Structure formats: structure tokens, C-alpha cells
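The sequence and structure are shown first.

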Amino acid sequence: MDAYSQIIHHAVETAGRSVVKIERLDANRNVTGTGSGFFFSSDGYLFTNSHVVHKGSYFNVMLHDGSMYPATLTGEDPDTDIAILKSSAYDFQPAQLGQASDLQIGQLVIAIGNPMGFQHTVTAGVVSALGRSLRSETGRQIDGLIQTDAALNPGNSGGPLIDYKGEVVGVNTAMIRGAQGLCFAISIDTARMIAADLMKNGRVSRAYLGLSLQQITLVPKLRSGLELKNKSALFVTGVEANSPAGKAGITDGDIVVSFNDAPVETSDALFRQLDREKIGQFQFIRVIRQNRLVELRITPAEKIAV
């Protein structure tokens, strides 16, 4: 094999034994849907998409060797399209989780799925954009997405997006409205944060602002002129009607650079600050508007996934 093929082969070998096929069953044990997932802990917890497991009564996971095990739903968060299952399976290798914050546009990434069982499907591409906010087919806004041209085959939703080392940098999702030819994955940094709440409480309660965002690089001249520490920031591509952001006066085209005096360079950095304690409490958010810094007061609202 050539060098490029060897890199992909090694990465897939590293992560492949963690990937499973998931079957969603109704109350009568009839299969109503399938998808992919991957183990991230040695005690049988695995990531998948919320839309893969939603409204399921029972679940099965099929390992790389075709063996089938039951699984139970630990919790799901439709707002990030993340769900966690717990399985009694034992012959698997947990995936190594990487850092999505280290990703660069143009970097090689590989999507793995197990839609049919017994064998993996693998596609490769590059990171096209970071920190995207888009709406799912259910109308929910999903934040902190990685955009890639690594094609997602049917049934690959919930599988891992890995880097050249075989470390997981995202959870693949294909549930984006109007995204023909574009593929997306939920940042593994976002998935980690969601997992903590799901494993503790079975659901996620969060503060939200109502923004659609795109991570961008700030040009040195702008950074210098405004005395900013940020190398990156979040470009506002949309504001929900009657949302906290709309009421605060944030508009399309603003660039979010800080929240409560903490620099904001990625969507994950902003989401980490939107915890329960921020709900109903006014905060300060700074944006660049027409090459000037503007500070606004914003009061995050509660958003509970159901």
C-alpha cells in the first residue's frame, strides 16, 4: 500500500474493534431502525446518535465478529444528537478519545460505521469547517459541529470520526437538513461534556443563547487593533426569534469573542460556560461589530432536552 493508504489502514485498525451496529426495537421486539455506535469505556458504555435510539424500547449491539448483545439506554440529548447506551458485551476494545480542539481545517479524518454488522464501512476526507451550528431534521439546532467531506453511508450515524492516529474526534451524524454533499460530526469535546450529565442524570439541562455560529480565524490586524488575545472567534450566522441572544441585541454578522471576560475561540469553549448556574442570570458577552468591540448583557434561558 502507498503511504496514504497505510495511514488510513492503521487508523481503522486502531479504532475498528470499538465500532458496533445498533438495532432499535419497539415494545414487541421488532427492529424499527439501525445505526452505528462505538465503545468509549471498558465497562460497556458507548456513544451513538440520539436519533438512532429515540423512541426505542429495547436495543441490541452487534460487535465486529457478529456477536449480539442487549443494551440499555443510559440517556440521550436530542439538542446535540448524542446518546449513550450500556451493553453487557465484553469482547471489544474501547476507542481512544482525542481532542477536537486540536483539529485544523484541511486535516485528514476518517468516518467509520457498522451499518450491516460483520464489516465496517470506511470513508476518508478532510475537515472542511469547524464550530458549525446547524439544524437537524427535527428542527433542533446542533452546535459545535465538524464539517467534513468524508462521506457518511446510510446506517453510519453514530459511528466515530477519527484522525490519522485512530483517535476519535467526533461522533458522525447524517441528520442535517439540506446538507447534500456535506457531512457532519458532533465534536468529541461536546460529546464528553454531554456524557457527564447523561451518565449522572440521564438527561441534560442547560442554558442556551439561541445563536447559530461558525468558527472563524481572526486576521492579525483586527486582533492587534482591538487588543484581542483570541486567534479564533465565533461568527454569528443566525439568531433565533425571541431568544436570549435576540433580546440582548446580537445580530447576524456579529463576531463573538468573549463571554464573561473569558475569550471564546470555539463553540465548545462557549458551551462549557453555559451551565445550569447561568440560567436566568445576566452575563456579559462581547462581540465585534463593524470593527468595534461591543459589550452586551445577555440572560441565558433554560433549555431541557426531552
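This is a predicted model: local features need pLDDT of at least 70, side-chain atom pairs count only at pLDDT 80 or more; totals for chains, interfaces and linings use all residues.

## The closed barrel

Six strands form a closed barrel in the order β1-β2-β3-β6-β5-β4, and their pairing is antiparallel. On average, neighbouring strands of this sheet are turned by 40 degrees against each other, direction ignored. Helix α3, which covers residues 188–201, packs on the sheet and touches β2 (31–39), β3 (45–48), β5 and β6. The direction of helix α3 makes about 60 degrees with that of β6.

Strands of a sheet pair through backbone hydrogen bonds, in either the parallel or the antiparallel sense.

Strand β15 (residues 232–239) pairs with strand β14 (residues 211–217) in the antiparallel sense, over 7 bridges. Gln 214 has Phe 235 in β15 as its bridge partner.

Strand β15 is also joined to strand β16 (residues 255–259), here by 2 bridges, and these strands run antiparallel. The bridge partner of Leu 234 in β16 is Val 256.

## Ser 267 in helix α6

Ser 267 lies in helix α6, which comprises residues 267–273. Is Ser 267 buried or exposed? Its relative accessible area is 2%, under the 20% cut-off, so Ser 267 counts as buried.

Which residues does Ser 267 contact, leaving aside its neighbours within four places in sequence? They are Gly 131, Gly 144 and Leu 234.

The structure holds 5 salt bridges. Side chains of opposite charge can pair when their charged atoms come close. In one of the salt bridges, Asp 91 is joined to Arg 17, with the closest N and O atoms 3.1 Å apart. This pair links distant parts of the chain, 74 residues apart: Asp 91 is in the loop between β6 and β7 (108–113), and Arg 17 is in the loop between α1 (3–15) and β1 (19–25). Both residues are partly exposed, Asp 91 with a relative accessible area of 29% and Arg 17 at 35%.

Another salt bridge joins Arg 289 and Asp 254, whose closest N and O atoms are 2.7 Å apart. This pair also links distant parts of the chain, with Arg 289 in strand β18 (residues 283–289) and Asp 254 in the loop between α5 (244–248) and β16, 35 residues apart. Arg 289 is partly exposed, with a relative accessible area of 24%, whereas Asp 254 is buried at 2% relative accessibility.

## The salt bridge of Glu 23 and Lys 21

The side chains of Glu 23 and Lys 21 also meet in a salt bridge, at 3.6 Å from N to O. Are these residues buried or exposed? Glu 23 has a relative accessible area of 13%, and Lys 21 has one of 11%. Buried means under 20% relative accessible area, and therefore Glu 23 counts as buried, as does Lys 21.

Methods. Residues are numbered from 1 along each chain as its sequence is written. Side-chain values use heavy atoms; hydrogens and water are left out. Two strands pair if DSSP finds at least two bridges between them. Helices (H or I, at least four residues) and strands (E, at least two) are DSSP runs, numbered from the N terminus. Axes are lines fitted to C-alpha atoms, for helices over the stretch in contact, and angles run from 0 to 180 degrees between N-to-C directions. Contact means heavy atoms within 4.5 Å. Buried means under 20% relative accessible area, exposed over 50%, partly exposed in between (1.4 Å probe, protein chains only). A salt bridge is a side-chain nitrogen of Lys or Arg within 4 Å of a carboxyl oxygen of Asp or Glu.
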